[in-house]
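Please look through the structure shown here, and then read the report that follows, which takes its side-chain pairs, its core and one of its helices in turn.

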Amino acid sequence: MPWISLLVLVPLLGAMSMFAVPEGNGTQARIHALVAALGAVALVVVVIAKFDRDAGGPQMVDRQSWASEVGLSWTMWVDGISLWLLVLTAGIFLLAIVASCWGPCDRPRAYLGLLLLAEAGLLGLFSAGDLVLFYVFWEAMLVPFYFLIGIWGGRDRRQATLQFVIYTMVGSLIMLVAILATAYIARDVTGQFTFDIDQLRGVAFTKNQSTLLFGAFSLAFAIKLPLWPFHSWLPRAYSAAPIVVTALLAAVMSKAGVYGLLRIGLPLFPEGADYFAVPLIVLALVGIVYGSLVAWRAPTMRLLVGYSSLAHLGFVVLGIMAFDTQAAQGAVLQMVNHGVVVAAAFGIVGIISLRSGAENVDGVRGLAAGAPRLAAVFLIVAMASLAMPGTNSFVGEFFILTGTFRQHAWAAAIATIGIVYAAVYMLRLYQTAMNGPREGDGRRVELRAPDYLMMLPLVAVMGLIALWPAGIVGATTTTLNRTIAPAQVAAERPAAQILATVVANPPANALPLPGDPAPATQGATP
């Protein structure tokens, strides 16, 4: 059974089925969207049940010929890295659709259909086993977000969508050139023309080729993250988008960039990854400090949470580029943690801003007296964002910092500044909104029955990960060892740190390709 392909097709078919819904029938559109989102979650549960935690390579592979003449195929699979991003995507989109179905929504058929298209694009991206297919889904997910911001966005939606598209398209076009160059150069090395990601592992690119290709891919990934200084599209897009769409941008779409580094950058271009490791670590550190400082002074709650994401994702990049198994485990765990925490944070911001009519940080005060349950949930989310011991984020950041300290002690030391400033901006937000003198009726923003459907699952997942982080980390270990080993070899790390075998492509005993020089014969006389 092609479980991974079905996982992508279910939300896609749900979006297409919206065309059969009468234009004014919002109830039927909501039912279609909920059924499709629940179907994706059900398939994710099946994938988790069938997943082998000890296998490091692709699992549940669905490979169908697409255009074999030019090396294209429909190749979908899952491994220890993509598994949890599929879970995150299906879960967060279900909650986003629940929130959209309950609240007022203009043109629900089109809005919910675009949400399902975005979900299908991201699920396809996180399970694509072919570079061209990866690019197709990379571009496909951009289209629904463009319309969601451009049609349902706020005052500056036109400028926001234009800037968002220009930034991402520049990176995407560079990545397309890099994909074609990868396939053609690999063909000269292996004699096989393919875009299959797993079959391209171990190709002996020259150092210059590896460096240029990694640089092209990482530029596209850095823009999508976003990584400082490629984040200029973030303030307008996050401010103009509907709050549900902003949550999806931060919680799910931002993971596409860091996933690309793990899926493509490190295993395919290890020499390039080693060349750019320190520069990317420096950019990540600048992003951690810069994002924290700007979040501290952000005028609106939405921008405060958005810039905090810039800082948190800097930790993820730091963990990946350390080329350390423990740091990489923390990076994958923190991708999931960040997605859950930032979705909950934007959910709280949405509740407060929509019901109080104020989104400025200083626009609401003393809400806890009238909304004690909201204050309790807000405190849990704030503590998780601070990575306090006992929260789900603590384990992820601890893994990242300890693994990074083992390789680059200076980077780990600088990164701790972000932890200090996180306390400043999150406590500022919580104390201002929840405590202090009462201004207005806090009962207006108290959690209601529909809010529990969105917030309680997120809080429950935070608690589950805090109590049992090994549930995620244990399933990633073998895959991550296999993923970072080529970069570790390129960085000349000690053999004790390299926990997977790096296989050359083609192997050393492969037959020579046409045009290769004849091998020297031992013992031959001149």
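## Terms and basis

A residue is called buried when its relative accessible area is under 20%, exposed when it is over 50%, and partly exposed in between, with a 1.4 Å probe and protein chains only. The model is predicted, so local features need pLDDT of at least 70 and side-chain atom pairs count only at pLDDT 80 or more, while totals for chains, interfaces and linings use all residues. Residues are numbered from 1 along each chain as its sequence is written, and side-chain values use heavy atoms, with hydrogens and water left out.

## Aromatic pairs

The structure holds 18 aromatic pairs, where rings of Phe, Tyr and Trp (its six-membered ring) pair if their centres lie within 6.5 Å, and planes under 30 degrees apart count as stacked, over 60 as edge-to-face and the rest as tilted. One of them joins Y111 and W152, whose ring centres are 5.2 Å apart and whose planes stand at 70 degrees, so this pair is edge-to-face. Y111 belongs to helix α4 (residues 108-127) and W152 to helix α6 (residues 142-152), so the pair ties together parts that are 41 residues apart in sequence; helices here are DSSP runs (H or I, at least four residues), as strands are (E, at least two), numbered from the N terminus. Y111 is buried at 5% relative accessible area, and W152 is buried at 14%.

## The nonpolar core

A nonpolar core is a set of buried Ala, Val, Leu, Ile, Met, Phe, Trp, Tyr and Cys residues joined through side-chain atoms within 4.5 Å. The largest one has 184 residues, among which F145 and M321 touch the most other members, and its largest share, 17 residues, comes from helix α14 (residues 325-356). Leaving aside neighbours within four places in sequence, M321 is in contact (heavy atoms within 4.5 Å) with F214, L266, A273, A277, L280 and I281.

Helix α7 (residues 157-190) has 34 residues, which at 1.5 Å a residue should span 50 Å, and its end C-alpha atoms are 48 Å apart, which agrees; the expected span is 1.5 Å times one less than the number of residues. Just after α7, G191 takes a positive phi of about 80 degrees.

The structure holds 5 salt bridges, each being a side-chain nitrogen of Lys or Arg within 4 Å of a carboxyl oxygen of Asp or Glu. D196 forms one with R63, with the closest N and O atoms 3.1 Å apart, and this pair links D196, in the loop between α7 and α8 (207-224), to R63 in strand β1 (residues 59-67), 133 residues apart. D196 is buried at 2% relative accessibility, whereas R63 is partly exposed at 42%. R482 forms another with D198, at 2.9 Å between the closest N and O atoms; R482 lies in helix α19 (residues 470-490) and D198 in the loop between α7 and α8, so the pair ties together parts that are 284 residues apart in sequence. R482 is partly exposed at 26%, and D198 is partly exposed at 25%.
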